[in-house]
Amino acid sequence: MLKEFKRTLREKYNSGLRAKLTNNDFTLIASNCNGCCICHDLGVRFNSPFVNLFIKSKDFLKYINNMDYYNNLDMLFVEEPEYSFPIGRLSDIRLYFVHYQNAEEAKRKWYERLQRMSMDNVFILFSDRDGCTYDDLKAFDALPYRNKAVFCHKEYPEIKSAVYIRGFENKDCVGNCAKYRSKFSIKKYYDDFDFVSWFNGNTNIKELYRH
């Protein structure tokens, strides 16, 4: 009962977000499932292949520094003993397709959504996890993308793209930001970030905290 009640209330909350969204056809490239969960909340099409997967921080930085190169490679698949889901390889980077049944499905969806990408309306979403270091945060902040943000477990006033997500201060990184804050809350951790205003054109990340 509680789960269904929360789902209903969350859908009403999402409806309010959708009503405010004016940019409905953006490309969101995210290092983990935060991106696809945000798109799902907003009811927009997945215009990026970064859906239901994660990529380690240094590989993500390699990818966004040379997207044309990686996007034109044929994806191969490899195995790692600790993972049971498909793992794609594009040259020297690996993509962890957590929510896919097999390599064929993962590859098909990757190239299908790759065709929808628009670099004229692209947003980059990073997180300070999966091996991310402070130097990686600085490298991300220096990238020449107009629309970029990184979820962090603490405040970094000196990093313009840093978004402080409350609740992970005693950790080494942010946790799963797509989870609800508590059993009774309809707010998710990433709701600390006003992502609708971001998609609508506000590039000043420090103005987009909901603290």
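**Core.** I started with the largest nonpolar core of this predicted model, and I count 35 residues in it. Ile-29 and Ile-64 have the most contacts inside that core. H3 gives the most, with four residues.

Setting aside neighbours within four places in sequence, I find Ile-64 in contact with Ile-29, Ile-124, Phe-140, Leu-143 and Tyr-145. Apart from this core I noted another one, of 29 residues, and Leu-28, Val-44, Val-163 and Val-196 are among them.

**Helix H3.** Which residues of H3 (residues 57-65) are buried? My list reads Ser-57, Asp-59, Phe-60, Leu-61, Tyr-63 and Ile-64. I also checked what covers them, and the cover includes strand E1 (27-30), helix H4 (67-71), strand E4 (93-96), strand E5 (122-127) and helix H6 (134-141).

**Cavity.** Next I went looking for holes. I got one cavity of 30 Å³ or more, and the volume of the largest cavity is about 60 Å³. I wrote down its lining: Phe-26, Leu-28, Gly-35, Cys-36, Cys-39, Arg-45, Phe-46, Asn-47, Ser-48, Phe-50 and Val-51. Sorted by class, that lining has seven nonpolar, three polar and one charged residues. Helix H2 (residues 34-42) gives the most to the lining, with three residues.

**Positive phi.** Asn-52 has a phi near 55°, a positive value in a residue other than glycine. I place Asn-52 in the loop between H2 and H3. Asp-130 also has a phi near 55°, again positive and again not a glycine. Asp-130 belongs to the loop between E5 and H6.

How accessible is Asn-52? Its relative accessible area is 25%, so I call Asn-52 partly exposed. For Asp-130 I have 26%, so that residue is partly exposed as well.

**Ser-185.** Last entry. Where does Ser-185 sit? I found Ser-185 in the loop between strand E7 (162-164) and helix H7 (195-199). Is Ser-185 buried or exposed? The relative accessible area is 18%, and buried means under 20%, so Ser-185 counts as buried. Leaving out neighbours within four places in sequence, I see Ser-185 in contact with Lys-6 and Tyr-180.

Methods:
Residues are numbered from 1 along each chain as its sequence is written. This is a predicted model: local features need pLDDT of at least 70, side-chain atom pairs count only at pLDDT 80 or more; totals for chains, interfaces and linings use all residues. Side-chain values use heavy atoms; hydrogens and water are left out. Helices (H or I, at least four residues) and strands (E, at least two) are DSSP runs, numbered from the N terminus. Buried means under 20% relative accessible area, exposed over 50%, partly exposed in between (1.4 Å probe, protein chains only). Contact means heavy atoms within 4.5 Å. On a 1 Å grid over the protein atoms alone, a cavity is a set of points where a 1.4 Å probe fits but cannot get out, and a pocket is an open set with protein on both sides within 12 Å along at least five of seven lines; lining residues have an atom within 4 Å of a point. Grid points are joined across faces, edges and corners, and a volume is the space filled by probe spheres set on the points. Ala, Val, Leu, Ile, Met, Phe, Trp, Tyr, Cys and Pro count as nonpolar, Asp, Glu, Lys and Arg as charged, and the others, Gly among them, as polar. A nonpolar core is a set of buried Ala, Val, Leu, Ile, Met, Phe, Trp, Tyr and Cys residues joined through side-chain atoms within 4.5 Å.
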